[in-house]
Amino acid sequence: LTERLQNAIGKLRRKGKISESDVKEVMREIRLALLEADVNFKVVKDFVKTVRSRAIGAEVLESLTPAQQIVKIVNEELVKVMGEEAAPLNKSAKIPTIIMMVGLQGAGKTTTASKLANKLKKEKNARPFMIAADVYRPAAIDQLKILGKDIDVPVFSLGVDVDPVEIVRQGLEEAKDKKNDYVIIDTAGRLQIDEKLMQELSSIKELAQPDEILLTVDAMTGQNAVEVAKGFNDQLDVTGVVLTKLDGDTRGGAALSIRAVTGKPIKFIGQGEKMTDLDVFYPDRMASRILGMGDMLTLIEKAQQEYDQKQAEELAEKMRENNFDFNDFLIQMEQVQNMGPMEDIIKMIPGMANNPALKNLKVDPKDIEHTKAIVYSMTPQERENPDLLNPSRRRRIAAGSGRPIQEVNRMIKQFKQMQDMMKKMSNGNFSGMEGLLGG
Ligand code: GDP
Ligand code: MG
């Protein structure tokens with residue numbers, strides 16, 4: 001019901017157009033959220049500028065407050081900057097499609113190469129083939145071989161004493177002989193970008209002519225990720241990005257920065273060490289993650305669809321006049337029900353999505369039905385005037401609704417608490433409530 005109240009209150013102070021001061025207030029929060037999410041400073045600055053110019057003077061939608069409307073714009077712009085849609089993996093017209101992994105040491109190239117092979121195998125029935133071209137660390141070749149064995153994908157290697165370009169040349173020949181449809185080349189990384197590494201990667205690129213050069217970036221490196229991405233892209237003109245280690249508590253701001261700085265699409269995200277922990281990148285999901293607000297926008301959109309403005313205004317009016325009764329309560333319950341399963345709605349509230357206490361939350365739609373049954377068993381007079389509800393009336397209602405008397409008592413008690421709260425809100429000032437309800 002909080003959400004309903006929020007909207008009702010939003011209504012009381014709704015304006016037709018977004019003003020400069022609305023924007024200023026909200027943008028301060030947005031800016032902080034972006035910086036906290038490790039979005040590059042310059043990217044934030046440009047982004048805020050875009051949003052501001054779009055927001056000022058924009059119409060405020062019927063069921064939104066100016067703040068919600070700005071958040072909506074921010075979300076839309078975030079999605080736009082990150083590419084709108086999921087970007088598919090490039091595919092060659094004739095086999096094999098060649099994919100080259102590049103990135104700093106420890107970014108997750110070897111792991112991602114194997115995850116991707118596994119994904120192609122499982123989802124596309126493909127026959128991938130991997131080439132171990134990191135000759136600087138003997139352990140790197142073993143690592144790829146072990147992973148390859150796990151997922152049952154062949155790994156080509158010539159040890160550490162052969163030039164990586166030569167390894168790739170021979171590996172490609174073998175893959176063509178065996179008619180594998182995807183070849184994934186795992187390359188070496190360094191702790192920092194250097195000339196020698198870039199030379200080597202450029203030579204491999206020239207020889208292999210990959211359909212896809214996937215830059216693997218560790219999302220936890222935050223600000224540094226932008227420099228790295230720019231460096232690799234300038235030298236190799238990568239075709240896509242994989243953002244790894246998003247399973248931690250990183251907010252994923254690197255996604256926004258990298259996309260903005262390189263213009264290259266993020267194609268996958270790594271969310272764990274297991275072979276199945278590779279997911280397609282969806283700009284809209286990342287946008288909510290960056291803003292750290294669950295699916296707030298979905299929630300707003302739902303409210304927008306389901307919200308009956310006229311009823312809301314009447315309710316707001318009643319709250320002011322302190323005569324919110326059981327008839328209004330019924331209307332509210334029906335509106336909430338129209339929005340979908342209660343647990344889904346609760347999870348969309350900012351800060352609730354990842355709340356462990358809510359993980360297994362199940363709100364039984366029957367509970368709402370029971371509550372409604374109780375209200376339906378009241379006479380019109382009782383609904384308008386809950387004070388009439390003495391013990392004998394309550395027993396009659398319990399019998400009529402088929403609910404236990406304890407449940408009837410509990411429901412009436414909760415209703416009175418709600419009435420009380422509304423009284424306090426309408427008597428006191430609304431400014432305290434605004435912060436509380438996120439309006
Ligand atoms: P490379 O040097 O670029 O080849 O990086 P590796 O593939 O060897 O990965 C370095 C470390 O990061 C390994 O311990 C991986 O298990 C780990 N790693 C890679 N991707 C992810 C990810 O998405 N999430 C987590 N938690 N760990 C990852
Ligand atoms: Mg490696």
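Eight strands of the protein chain form an open sheet in the order 3-2-4-1-5-6-7-8, with mixed pairing, where strands, as runs of E with at least two residues, and helices, as runs of H or I with at least four, are taken from DSSP and numbered from the N terminus, and where two strands count as paired if DSSP finds at least two bridges between them. Strand 3 and strand 8 (278-280) stand at the edges, each with a single partner strand, so one side of each has no neighbour in the sheet. Strands of a sheet pair through backbone hydrogen bonds, in either a parallel or an antiparallel sense. The model is a predicted one, in which local features need pLDDT of at least 70 and side-chain atom pairs count only at pLDDT 80 or more, whereas totals for chains, interfaces and linings use all residues. Residues are numbered from 1 along each chain as its sequence is written, while chains are lettered from A and ligands numbered from 1 in the order in which they are written.

Strand 2 and strand 4 (residues 182-187) run parallel and are joined over six bridges; in strand 4, I184 is the bridge partner of M130 and D186 that of A132. Strand 2 is also joined by two bridges to strand 3 (residues 155-156), again in the parallel sense, with M130 opposite V155. Strand 2, helix 6 (residues 138-151) and strand 3 together make a right-handed β-α-β unit, the hand being right if, with the strands pointing away from the viewer, the path from the first strand over the helix to the second runs clockwise.

Both faces of strand 2 are covered, with P128, M130 and A132 buried on one side and F129, I131 and A133 buried on the other. Here a residue is buried if 20 or more other C-beta atoms, placed from the backbone, lie within 10 Å of its own, exposed if 12 or fewer do, and partly exposed in between. By this count, 40% of the 439 residues of the protein chain are buried, and in helix 11 (residues 283-291) seven of the nine residues are.

Some backbone features lie in the loops. Most residues other than glycine have a negative phi, and most peptide bonds are trans. The peptide bond from I95 to P96 is cis, with omega near 0 degrees, and P96 is found in the loop between helix 4 and strand 1 (97-102). N125, in the loop between helix 5 and strand 2, has a positive phi near 55 degrees and is exposed, with 8 other C-beta atoms within 10 Å. K245, in the loop between strand 6 (240-244) and helix 10 (253-262), has a positive phi near 65 degrees, but K245 is buried, with 21 other C-beta atoms within 10 Å.
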